[in-house]
Amino acid sequence: MRVGVFGTGHVGLPTAAALAHLGHDVVATDVDAEKLSALSVGRLPFYEPGLEDLVRGELASGRLRFSANPTATVTDRQIVFVCVGTPPRASGEANLLALERAAEIIGRHATGRLVVVEKSTVPAGTARRMQETLARYNGVVSFAVVSNPEFLREGCAVEDSLQPARILVGSDSGEALAVMRELYAPLIELGVSWIETDVRTAELAKHACNAFLAMKISYANALARICELAGADVVAVADAMGADPRIGRAYLDAGLGYGGYCFPKDVAAFERLSARLGYRFRLLEEVAEINGQAVGFAVQKVEEILWNLEDKRIALLGLAFKPGTDDVRFAPALEVARRLLAGGARVVGYDPQAGATAKAELPELEIAADAYAALEGAHCAIVCTEWPEFRDLDLERARTLMSFPILLDGRNLYGDAAAAAMARAGFTYLATGRHPRPAVPASIH
Ligand code: UDX
């Protein structure tokens, strides 16, 4: 089928490449002309495992093109996906201006029947707004607005696009649902579960999913606080919980809390949407509150063990909001850095992918070329992102490089064996919700 995609970011680009891979003719566009020309030669503006190969493969096949010309991305298309950003306003409400601007371009350039798909995460009721806007710019063409929320995790976007756990489509038009079934036929034939609802239900279900996952994380972080006070082990508690299929182990990892461009803004947007509808979603207020405290507790531990932050150099291992990406938007690591810098410490960070993006976001953060360069002279190291390479840290080398052998594991990356090895190497190892806090060792060289 002939598909247009508006927005070539973390959602739009995997979506465009995956639809091309399914055999469709896809033309993607973006307001950033530079990004489009880079993409046209297969250069991606962000790191996402496997996506560069997929994009280059689909460019070579001719099924995927990038164009700034709305005639190419709208006029002769059957379906247009809107994958533009919906960043949070100061109030927490989702900023939907980019959606309205996309709807204007689509309205102005559509000449035949068109299915317009909301891929971005939007508050329930947005489809009605899109329909009104399209009609304002085009009183002739009949549009059907469909909700088809993305469930892509950064770092796994290709896998989540080509092997989704389910495809959710909401529309009030039977004809539009039939078009979407045709579009996703290759995945439906592979057995991917297909869920059809009305458009508001699909929009709301997306917020419900993300908010629930965020709630699991905040539940784990609340448990971590209790475990530290009770001398229990939050990882073992999560394992015991996760063994129950009704609960599931995923998203019960305590640590610095959730970041990224989705959970923080989707929890806020869902809470604001509910309030606007007349229901105060206190549970989500608490989910956000607990998450906000997670970083504070980690910084508190650092202050406790270092006494004064001034004159101290602190190394952050990991800066991205999660492993597998260079994305630092709402990254807990940068919030840790901001608070330590405000406390007078010097902060140096290393990340396998996100050094440049972190520096752009927080210029006063020093960036090291590798973990050991970051650890040199450091009075404390904090694991902020659980990149696998940090598991193989040479502890002896790290210990000789650091001024104080103190490591705070903000992601419980290290298990019991590694923690014991660290103690043997002379480290003071602090985890999150585990191992009651050990005394500071006598010998600090
Ligand atoms: C999320 C949803 O998973 C995805 O379905 C949706 O489409 C977009 O938002 P993403 O934000 O890319 O995906 O990453 P995810 O892997 O879900 O992690 C989000 C944050 O939660 C990260 O900061 C991660 O470090 C944190 N996290 C995750 C925890 O702190 N504990 C956990 O147990 C799991």
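Hi everyone. Between domain 1 and domain 2, about 2600 Å² of area is buried, and carbon and sulfur atoms give 56% of that. Buried area here is the accessible area, with a 1.4 Å probe, that two parts lose on being put together, summed over both. Tyr47, Ala124 and Glu154 supply 24% of what domain 1 buries against domain 2, more than any other three residues.

Some ground rules. This is a predicted model, where local features need pLDDT of at least 70 and side-chain atom pairs count only at pLDDT 80 or more, while totals for chains, interfaces and linings use all residues. Residues are numbered from 1 along each chain as its sequence is written, and side-chain values use heavy atoms, leaving out hydrogens and water.

So, the layout. Domain 1 covers 2–197 and domain 2 covers 198–445, with bounds from an automatic or database domain assignment. Their C-alpha centres lie 33 Å apart. The contact (heavy atoms within 4.5 Å) takes 36 residues from domain 1 and 29 residues from domain 2.

What holds charge across that boundary? Four salt bridges are counted between the two domains, a salt bridge being a side-chain nitrogen of Lys or Arg within 4 Å of a carboxyl oxygen of Asp or Glu. One partner is Glu154 again: arginine 329 forms a salt bridge with glutamate 154, with the closest N and O atoms 3.4 Å apart.

Now the domain 1 side of the contact. Helix 6 (126–137), strand 6 (143–147) and strand 7 (166–170) each supply at least two residues there, and strand 7 gives the most, with four residues. Helices (H or I, at least four residues) and strands (E, at least two) are DSSP runs, numbered from the N terminus.

Across the whole model, the salt-bridge count comes to 34. Take arginine 272 and glutamate 93, whose side chains meet at 3.9 Å, N to O. Arginine 272 lies in helix 12 (residues 263–277) and glutamate 93 in the loop between strand 4 (79–82) and helix 5 (97–109), so this pair ties together parts 179 residues apart in sequence.

Six strands form an open sheet in the order 11-10-9-12-13-14, with parallel pairing; strands pair if DSSP finds at least two bridges between them. Strand 11 (366–367) and strand 14 (428–430) are the edges, each pairing on one side only. Two bridges join strand 10 (residues 346–350) to strand 11, and valine 348 stands opposite glutamate 366 in strand 11. Thanks, all!
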